[in-house]
Amino acid sequence: MIQHLKRFYKKYLGLNVNDSFSFSLLTNFWNPKNISNKWSVFINKYCSILAWNKSRIIFSSNILIWPWVVITSANHSIKKSDKLYDQIWHEEDVYIWDEVWIGANAVILPWVSLPKWTIVWANAVVTKSPEWEYTIIWGVPAKFLKNRPE
């Protein structure tokens, strides 16, 4: 069943992924033509992968994403002078590099790049990119917790 859905997304909606991209039937994609991967991505159930019109979400290799994760490449302006309906969208690419694990209920916001071997703790809200590879981040907003043990 999932193979049929993947073919449908690729053929009719433009999902730009290879056969090693796996996702649950309960995954929500927005603008799938702006989502791509290099190799081996697994997205669990109830995730939302929201690529917008002018921005992309790029997955590298060997990525695990647990349930209820939201990854978005756009956000509203937060200026006090803007009315809700007049707010400007800020779009920025999201990069998720090799060997990244994203815990359940995490949120990854636009302009974030998760370096190689990053672990995002469950329920974290990632508002900026971690500075180093091999790190564990957690919290709201997500902060450095520690380096991954060897």
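Analyst: Happy to. Setting aside residues up to four places away in sequence, Y134 touches K116, W117, K146, N147 and R148. Please keep in mind that this is a predicted model.

User: Where is Y134 found?

Analyst: Y134 is found in the loop between β14 (125-126) and β15.

User: And how far apart are the C-alpha atoms of Y134 and R148?

Analyst: They are separated by 5.3 Å, and the two residues are 14 residues apart along the chain.

User: What about the backbone, what is phi of Y134 near?

Analyst: Phi is near 60 degrees there, which is a positive value in a residue other than glycine.

User: Which other residue has a positive phi although it is not a glycine?

Analyst: Y46 does, with a phi of about 65 degrees. You'll find Y46 in the loop between β3 and β4 (48-50). Its relative accessible area is 36%, so Y46 is partly exposed.

User: Okay, prolines now. Which peptide bond is cis?

Analyst: The one from V140 to P141, with omega near -10 degrees. P141 lies in the loop between β15 (135-138) and β16 (143-147).

User: And P115, where is that found?

Analyst: P115 is in the loop between β12 (113-114) and β13 (119-120).

User: Buried or exposed, and why does P115 count that way?

Analyst: P115 counts as buried because its relative accessibility is 12%, and buried means under 20%.

User: What does P115 touch?

Analyst: Leaving out residues up to four places away in sequence, P115 touches W97, D98, V100, P130, W132 and E133. For a sense of distance, P115 and K33 are 82 residues apart in sequence, and their C-alpha atoms are 23 Å apart in space.

User: Let's go inside. How many residues does the largest nonpolar core have?

Analyst: It has 31 residues, and those with the most contacts inside it are F21, I43, F59, I71, I102 and L114. At least two residues of this core come from each of β1 (21-23), β3 (35-43), β5 (57-65) and β9 (94-96).

User: Which strand gives the most to this core?

Analyst: β5, with four residues.

User: What does the C-alpha trace span along its principal axes?

Analyst: About 50 × 45 × 20 Å. Buried residues make up 44% of the 150 residues in the chain.

User: Last one: how many positive and negative charges does the chain have?

Analyst: There are 17 positive and 11 negative charges, and their mean positions are 6 Å apart.

Key. Residues numbered from 1 in each chain as written. Predicted model: local features only at pLDDT ≥ 70, side-chain atom pairs only at ≥ 80, totals over all residues. Heavy atoms only, no water. Core = buried A, V, L, I, M, F, W, Y, C linked by side-chain atoms within 4.5 Å. Buried < 20%, exposed > 50% of the residue type's maximum accessible area, 1.4 Å probe, protein only. Lys, Arg positive; Asp, Glu negative; His and termini not counted. Charge placed at Lys NZ, Arg CZ, Asp CG, Glu CD. Contact = heavy atoms within 4.5 Å.
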